[in-house]
Amino acid sequence: MAAACAAASASLSPPQSTAQRPAAQGRIVFPCASAGSRSRSLRLRPAGRRSPAIRSMPRANKAVVAALADPLKVMIAGAPASGKGTQCELIKTKFGLVHISAGDLLRAEIAAGSENGKQAKEFMEKGQLVPDEIVVNMVKERLLQPDAQENGWLLDGYPRSYSQAMALENLEIRPDIVILLEVPDELLVERVVGRRLDPVTGKIYHLKYSPPENEEIASRLTQRFDDTEEKVKLRLETYYQNLQSLLSTYEDLIVKPLKQINMMSAVMQIVILGHDI
């Protein structure tokens, strides 16, 4: 009896000072909107792993992002002019994720006059999706570059079809969370038609909502070849044709920030805490 008591006492005693503390472990849980959906979570990273992008962040953001065992992988989806670019810029700046826009990759190919760019422009001018054989490898190569692998990525406007989503799945490229932005069609058309680009600074303006600061800037603004009312309506038609089959691929990962609240606050809350909005 005495021996049993001694053993029990020893098992309850605090560890000796020479014992090593185990590395912190745990998970950040992303609860799902519906009761029947599976919750999703991210493993926590032991202390010590810090990328240059994380080291330059404010302390409050480091505490969240540096805790992840694997770099955060986010997709943001929405119709043309739904605000993906604006939200991506804010998320990228705050969390150090690498922003990858399939549209920007394609436009760079078009500007360079490459064979892929010439083929892509033909489809984009018709409001159609660029064929998978052109865009899938382009996106895959960018996702696999060292900066995206180390810091995590924010994939903007891609995949846009079920076949593109399946191509990423086959490559074992899958996000931790998918943010879906929903905006009324009439507002989308107004945003697109009034959108202008400053070719000198790369800044995006809107003739009604964000006009240029002076006449000098206004005189040099350009309009994207597919930013016309006719083409945006074709693009919206294509977007809705592919949306449902695309969302079925990521059904358990999707969150939809409400339009009534500040979009940035919603997106940041999703990325930091994984709360339903």
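A crossing is left-handed if the near helix is turned anticlockwise from the far one by less than a right angle, and right-handed if clockwise. The model is predicted: local features need pLDDT of at least 70, side-chain atom pairs count only at pLDDT 80 or more, and totals for chains, interfaces and linings use all residues. Residues are numbered from 1 along each chain as its sequence is written, and side-chain values use heavy atoms, without hydrogens and water.

**View A. Packing of helices α5 and α6.** Helices (DSSP runs of H or I, at least four residues) are numbered from the N terminus. Helix α5 (residues 102–112) packs on helix α6 (residues 115–125) at about 115°, with axes 7 Å apart; axes are lines fitted to C-alpha atoms over the stretch in contact, and angles run from 0 to 180 degrees between N-to-C directions. The crossing of α5 and α6 is left-handed. In contact (heavy atoms within 4.5 Å) are Leu106, Arg107, Glu109 and Ile110 of α5 with Asn116, Gly117, Ala120, Lys121 and Met124 of α6.

**View B. Packing of helices α10 and α12.** Helix α10 (residues 185–193) and helix α12 (residues 229–249) pack at about 135°, their axes 10 Å apart. The crossing of α10 and α12 is right-handed.

**View C. Surroundings of Tyr158.** Beyond its neighbours within four places in sequence, Tyr158 contacts Met75, Ala102, Val135, Val136, Val139, Gln164 and Leu168. Tyr158 is also among the residues that touch the most other members of the 41-residue largest nonpolar core, a set of buried Ala, Val, Leu, Ile, Met, Phe, Trp, Tyr and Cys residues joined through side-chain atoms within 4.5 Å; buried means under 20% relative accessible area with a 1.4 Å probe, protein chains only.

Technical notes
Helices (H or I, at least four residues) and strands (E, at least two) are DSSP runs, numbered from the N terminus. Buried means under 20% relative accessible area, exposed over 50%, partly exposed in between (1.4 Å probe, protein chains only).
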